[in-house]
Amino acid sequence: MPNANLYNAGLWIVGGFVTVDSPLYPVRVFYSLVNGSFNFTLILVYFAIYCLASIWASQVTKAVADPYLDEVFHIPQAQAYCSGRFDVWDPKLTTPPGLYFISTLIGSQYSPYGCRVSSLRFHNVLALMLLLSYAIDCRGLITVAWKRDLNEPVRRWIRDARPISADMLHTGANIALFPLLFFFSGLYYTDVLSTSVVLGMYRLFLERKGARANSAAGLLWLYPVGLISLAMRQTNIFWVAVFMGALELVRTITANKVDFTSGQPTPRTWKHMAIEKFQQYSHGNIHDIALKNAGVIDFILCAISIVVATVFHPSLILTRLWPYVLLLASFAGFVVWNGGVVLGDKFNHVATVHLPQMLYIWPLVTFFSAPLIIPIGISFLRNLASLLLIPLFPRLVQKYLLISSYTAIALTATLLAIKYNTIIHPFTLADNRHYMFYIFRYTILQNPLVRYVLGPIYLACAYMVYLTLSGPWRPGSSSVLQTKISNGIIQRQPEHLEKKDSEQGGPTTSFLIILLATTALSLITAPLVEPRYFIIPWVIWRLNIPSLPPHTKSSPAKQSRKRVGRPSDRVVEFIRYWGWEGHDYRLWLETAWFLLINLVTGYVFLYRGFEWPQEPGMVQRFMW
């Protein structure tokens with residue numbers, strides 16, 4: 001056995017980072033109690049998630065005592081490290097040894113029991129709790145940053161010991177319950193810890209002190225945390241370097257923009273308008289508007305403006321992007337040294353171009369986030385039906401033609417990608433223990449025409465996902481279509497509504513462009529379709545969804561001070577406030593939906609096993 005003192009030091013270091021990064025960090029709790037912002041529900045949520053994950057992990061170990069599926073490679077490798085044999089490496093492993101090092105630091109404290117199968121699986125329960133902490137803080141940093149005022153809401157939130165709202169807490173809990181994360185928290189896979197570290201990097205990016213002071217302060221920590229993320233999984237490079245680097249780029253440009261006025265009369269020709277726009281972009285005034293107000297042209301202008309602003313501020317941008325550039329350089333060096341991206345089994349994991357991956361993701365997101373998407377979809381259909389009942393007039397016909405042309409282009413590109421780039425990896429059809437086997441078997445492999453019929457469904461799901469990210473709007477609100485018709489004239493929504501929407505904040509065009517580009521880079525290079533590949537794109541998307549605006553801003557506690565009613569009235573008032581009036585009711589539907597999926601998939605995994613004829617007596621189990 002290696003030196004026990006080394007393990008003790010490692011455990012204290014890891015435990016210290018976990019404690020400091022948690023909303024239950026004693027200093028944060030103390031300041032929250034002092035200023036009266038501590039949310040006691042936080043303890044209940046942590047306890048509930050921990051109990052659910054622990055029960056799930058214990059049931060898995062009870063039913064499947066030995067390593068199962070990919071655990072056959074992961075667990076022996078971790079146990080070899082725990083016993084000090086760091087020269088041992090399974091050539092079938094494709095990911096770096098970050099997970100095994102963390103398990104060695106934790107599990108060896110209780111050797112020879114700390115690295116048993118059950119103990120190693122429990123490490124992912126701890127990783128899920130860490131993920132919960134990061135998700136809560138990321139949600140808080142994102143929502144307070146949406147408040148575009150001059151009082152520095154992020155700095156004020158951090159100064160006040162990061163008070164946790166119901167929305168932050170509920171969103172974080174739902175992300176921890178996300179079926180693809182919760183399921184693998186009971187098995188020894190890399191996904192939970194890998195996602196946790198990426199969220200840890202995301203939190204560092206969001207709360208970086210220098211970003212609020214328009215300086216390079218805080219950049220130093222990003223590089224080592226990014227390296228830790230890459231030690232968990234190679235594809236994290238797209239998220240810790242490309243995604244966050246691009247967001248840093250936009251943030252730097254916006255923070256250093258210079259107000260520009262040409263001093264010339266209002267341009268009347270396209271040439272003069274283009275010159276003026278170019279001058280604005282070169283001064284950092286990029287075209288970056290809220291998604292709820294954006295059209296196709298806005299995304300094109302946003303991309304062009306970012307490129308122009310980058311070209312005119314190279315030295316400034318390099319001083320802010322060096323951690324991300326260094327991460328890319330480090331990763332490139334690893335690829336050259338390793339002779340490829342994956343460590344082992346390179347023959348079955350060859351990078352290729354697989355465009356339909358960017359189609360498969362939308363039905364998956366729609367399925368898992370149905371409670372968030374369906375209300376938006378219903379609102380959209382209602383407003384679309386109202387629009388179609390309006391008599392035609394020239395401006396409306398023009399709008400129809402424009403939308404039809406965009407739809408035709410998107411559908412044509414979709415069908416071409418399906419026809420010429422659909423890849424069925426041998427692993428997909430070789431293992432009937434995965435749900436993806438049955439999805440492919442009974443859809444695109446059922447009939448050659450089915451894959452083309454699914455084309456419009458992919459696009460419809462993608463648009464619903466986009467609308468959900470563009471919020472917030474209430475079901476039935478006309479803002480879903482962002483227009484209204486009055487006396488045959490297409491008008492924008494009233495100014496006071498636009499002002500209210502801007503105060504609530506939300507993602508912008510640059511964020512969506514960066515998210516789509518990063519997701520594409522991480523997915524289309526993989527020939528194998530794995531639901532686990534979609535975890536980080538979903539988590540980032542979910543963290544940035546604006547909540548529905550509350551009907552009332554006063555909490556039951558404040559209302560009770562104004563009037564004292566019967567206890568039953570207070571209970572009803574409390575339920576109404578936290579159910580739908582002061583809280584996004586979709587979060588409760590999402591919680592119930594995730595619990596149902598986890599219950600069904602967990603039951604099927606534990607109690608609905610089957611046997612292969614070639615391996616009698618060996619129970620095979622269904623899983624993601």
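The model is predicted, so local features need pLDDT of at least 70 and side-chain atom pairs count only at pLDDT 80 or more, while totals for chains, interfaces and linings use all residues. Residues are numbered from 1 along each chain as its sequence is written, and side-chain values use heavy atoms, leaving out hydrogens and water.

**The nonpolar core**
- The largest nonpolar core holds 137 residues; such a core is a set of buried Ala, Val, Leu, Ile, Met, Phe, Trp, Tyr and Cys residues joined through side-chain atoms within 4.5 Å.
- Among the residues with the most contacts inside this core are Ile49, Trp541 and Met623.
- Helix 6 (residues 117-145) gives the core its largest share, 15 residues; helices are DSSP runs (H or I, at least four residues), numbered from the N terminus.
- Beyond four places in sequence, Met623 is in contact (heavy atoms within 4.5 Å) with residues including Tyr68, Phe183, Arg433 and Phe605.

**His170**
- His170 sits in helix 8 (residues 166-176).
- At a relative accessible area of 10%, His170 is buried, which means under 20% with a 1.4 Å probe and protein chains only.
- Leaving out residues up to four places away in sequence, His170 touches His583, Leu587, Trp588 and Thr591.

**Helix 3 against helix 8**
- Helix 3 (residues 41-63) packs against helix 8 at about 5 degrees, with axes 11 Å apart; axes are lines fitted to C-alpha atoms over the stretch in contact, and angles run from 0 to 180 degrees between N-to-C directions.
- The two helices are therefore roughly parallel, a label for angles under 35 degrees.
- Helix 3 brings Thr41, Leu42, Val45 and Ile49 to the contact, and helix 8 brings Leu169, Ala173 and Ala176.

Key:
Buried < 20%, exposed > 50% of the residue type's maximum accessible area, 1.4 Å probe, protein only. Parallel < 35°, antiparallel > 145°, perpendicular 65-115°, else oblique.
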